[in-house]
Amino acid sequence: MPRLEDLAAFAAVARLLSFTRAAEALSLSRPAVSKRIQALEREVGTELLKRSTRRVELTDAGAALLVHVDQASAEIATGVDAARTAAGSLAGLVRISVPPSYGNTVVLPLVLAFLDRNPGTQVDVELSDRPVDLIAERLDFALRITATPPPHASARRIASIGWRLVASRRYLRSRGTPRQPADLRDHRVLLPSSYRGRGSFAFIDGEIRETVRFDAALSVTWTDSIARLVLADAGIALLPDYLPATGTERASITEVLPRWRLEDGPADELVAMFLPGGRLRAAARALLDFLTPSPRTPRSGKSEPRSER
């Protein structure tokens, strides 16, 4: 029967594809990890990893074993959670990754409220929108705003993200309010960096489609930074509906061209991604449920910006 410590070493190397990184993750020396892999291969009677000076790869036997090791790890975690739940409280560390703007504005305040209700839990939040490896990075789940969740992960829809053109009332008083998409050519337009270099924009109003050519005056990676520029009367911006963050800030802005929507606009689905099979530990499942808005009441708790017509 293979030793648990040997299986743990194998799983770490298989997920990270590196003996050095696996040793760091396990707080062991690299030779100690190598000895554990060798002991496991002797036990199962076959090579599990192909090693070279440049890379580590799973053999077919290693890939098959990793599936069962992951399943066993999930079963053990579920059992531990069941024991904790039977004791009447949630406990343990939950590790998640969330987009920076959405995380700062919506998720972090909710995490603090969750911790108040569940003092036995801890939450590690990574603010990032890069692709993640849930296994290698030991994440319970990741929230992403996307139209196409990656095929290697299970996904659960959390909410729809609305996008709109907004500006401060003071900016519009000084520069005028656009009535048609073509009027945007006379304004300073601020857009997410995904629109950098795009000079043509199509807008839809029912069955009417209007294409306008203009260059964004400024493109910025993070939408919360764009929101701060809007509040500073810098121009008209495309923002998600959870920004700006506070009621006072939202009262100072207004929606521009409310009847029109941008064709091929930004991704508008917030999804939670977790490992296939959908198994989450009790604390992680409780946090994800807490972060999911109810159908009737948005978790952001913010009123919608009024529109200038």
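Reply: A residue is called buried under 20% relative accessible area, exposed over 50%, and partly exposed in between (1.4 Å probe, protein chains only). Helices (H or I, at least four residues) and strands (E, at least two) are DSSP runs, numbered from the N terminus. This is a predicted model, in which local features need pLDDT of at least 70 and side-chain atom pairs count only at pLDDT 80 or more, while totals for chains, interfaces and linings use all residues. Residues are numbered from 1 along each chain as its sequence is written, and side-chain values use heavy atoms, with hydrogens and water left out.

Start with helix α3. Its buried residues are Val 33, Ser 34, Ile 37, Ala 39, Leu 40 and Glu 41. The expected span of a helix is 1.5 Å times one less than its number of residues. For the 15 residues of α3 (residues 30–44) that gives 21 Å, and the end C-alpha atoms are 21 Å apart, so the two agree. At the N-terminal end, Ser 29 is the cap: one of its side-chain oxygens sits 3.2 Å from the backbone nitrogen of Ala 32. That is a polar contact: a pair of N or O atoms within 3.5 Å, where within protein one must be able to donate a hydrogen and the other to accept it, and residues adjacent in sequence count only if both atoms are side-chain atoms. Just past the helix, Gly 45 has a positive phi of about 80°.

Now the main part, strand β3 (residues 92–98). Five of its seven residues are buried. Strands pair if DSSP finds at least two bridges between them. Seven bridges join β3 to strand β4 (residues 121–127) in the parallel sense. Within that pairing, Leu 93 is bridged to Gln 122.

Ile 96 has Phe 141 as its bridge partner, and Ser 97 stands opposite Ala 142. Strand β5 is mostly covered as well, with four of its five residues buried. Four antiparallel bridges then connect β5 to strand β15 (residues 269–274). There, Leu 143 faces Ala 272.

Next, charge. Side chains of opposite charge can pair when their charged atoms come close. A salt bridge here is a side-chain nitrogen of Lys or Arg within 4 Å of a carboxyl oxygen of Asp or Glu. The count by this rule is 14. One of them joins Arg 95 and Asp 124, with the closest N and O atoms 3.2 Å apart. Arg 95 belongs to β3 and Asp 124 to β4, so this pair ties together parts 29 residues apart in sequence. Both ends are partly exposed: Arg 95 at 25% relative accessibility, and Asp 124 at 32%.

Another salt bridge joins Asp 233 and Arg 170 (2.7 Å, N to O). Asp 233 is in the loop between α7 (223–231) and β12 (236–240), Arg 170 is in helix α6 (residues 169–175), and the two are 63 residues apart. Asp 233 is partly exposed at 24%, whereas Arg 170 is exposed at 52%.
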